[in-house]
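Subject: A structure for you to explore

Hi there,

I am passing on a structure that I hope you will enjoy looking through. Please open it first, and then read my notes alongside it.

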Amino acid sequence: MGINLRIKTAKFILLLAALYNVFWGMVISLFPQIILFGNSYTNFTLILIRCIGMLVGVYGIAYYFSSTDPQRYWSLIFVGFTGKVLGPIGSFYYIFMGELTPRFLLVNLLNDFIWLLPFGWVLIQVFKKKLSIDQPADKPKS
C-alpha cells in the first residue's frame, strides 16, 4: 500500500471514529437509559452516564484532530486505543463479579471492539512512520 493510500485510509478511519463518537456521545447524553438495559437507576446514575456521554463526544473531537495529521497526533489515537482495550476489560470484570449482565458487552462491541483493529493499524503505521508525508531522507554520516 502506497504512502498516500495509507495516509488517506488512516485519516478516513479517524474521521469515521470522530463522527461516531460525537454521535454516540450525544445519544448517551440525551438518552442515558439506553445503556442500562432495563436496570434500575437514580438521578445520580443518569448524571454520571450523561457525563460519560460528554467524554465520549470529546474523544470524537480528539479523533477529528487526529484525522488531520495522524503522525502528529498519534498520542490522541493511542489514548483512544487504550480506552478501547480497557473498556472491555472492565466490562468483563464486572460481568464476572455479577454487577453487569453479559448483555452489556453489546456496548463494548459497538464502541470498543469494532475500533480495535482500525486504531491498531493506524498506530502501527504511525510507529513505522508510514503516515508521514515529510519523511526525512537519510543524512550522510560525517
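Below are my notes, going from the overall fold to single residues.

A word on the ground rules: this is a predicted model, in which local features need pLDDT of at least 70 and side-chain atom pairs count only at pLDDT 80 or more, while totals for chains, interfaces and linings use all residues. Residues are numbered from 1 along each chain as its sequence is written, and side-chain values use heavy atoms, with hydrogens and water left out.

**The overall fold**

The chain has four helices and zero strands, in the order α-α-α-α from the N terminus. Here helices (H or I, at least four residues) and strands (E, at least two) are DSSP runs, numbered from the N terminus. The C-alpha trace spans about 70 × 30 × 25 Å along its principal axes. The radius of gyration is 18 Å, whereas a compact globule of 142 residues would have one near 14 Å; this radius is taken over C-alpha atoms, and the globule rule is 2.2 Å times the number of residues to the power 0.38.

Among contacts (heavy atoms within 4.5 Å) with a separation of 6 or more, 69% join residues 24 or more positions apart.

**The nonpolar cores**

In soluble globular proteins, nonpolar side chains tend to be buried together. A nonpolar core is a set of buried Ala, Val, Leu, Ile, Met, Phe, Trp, Tyr and Cys residues joined through side-chain atoms within 4.5 Å. The largest one has 14 residues, and Leu14, Ala17, Tyr63, Ile77, Phe119, Val122 and Leu131 touch the most other members. Helices α1 and α4 each supply at least two residues of this core, and α1 gives the most, with six. A second, separate core of ten residues includes Trp24, Val27, Ile49 and Val56.

Which residues does Ile77 touch, not counting those up to four places away in sequence? They are Leu14, Ser66, Pro70, Phe119, Val122 and Leu123.

Asn21 lies in helix α1 and counts as buried because its relative accessibility is 5%. Leaving aside neighbours within four places in sequence, Asn21 is in contact with Val56, Gly57, Tyr59, Gly60, Tyr63 and Lys84.

Asn108 is found in helix α4, and it counts as buried because its relative accessibility is 3%. Beyond residues up to four places away in sequence, Asn108 touches Gly87, Pro88, Ser91 and Phe113.

**The largest pocket**

About 710 Å³ of space lies in the largest pocket. Of the 28 residues that line this pocket, the closest to its centre are Ile52, Gly87, Val107, Asn108 and Asp112. The elements giving two or more residues to the lining are α1 (3-30), α2 (43-68), α3 (74-96) and α4 (105-127). A pocket is an open set of points on a 1 Å grid over the protein atoms alone where a 1.4 Å probe fits, with protein on both sides within 12 Å along at least five of seven lines; lining residues have an atom within 4 Å of a point.

**One last residue**

Phe37 is found in the loop between α1 and α2. Phe37 has a positive phi of about 50° although it is not a glycine. Most residues other than glycine have a negative phi.

Happy exploring!

Notes. Points joined across faces, edges and corners; volume = space filled by probe spheres on them. Buried < 20%, exposed > 50% of the residue type's maximum accessible area, 1.4 Å probe, protein only.
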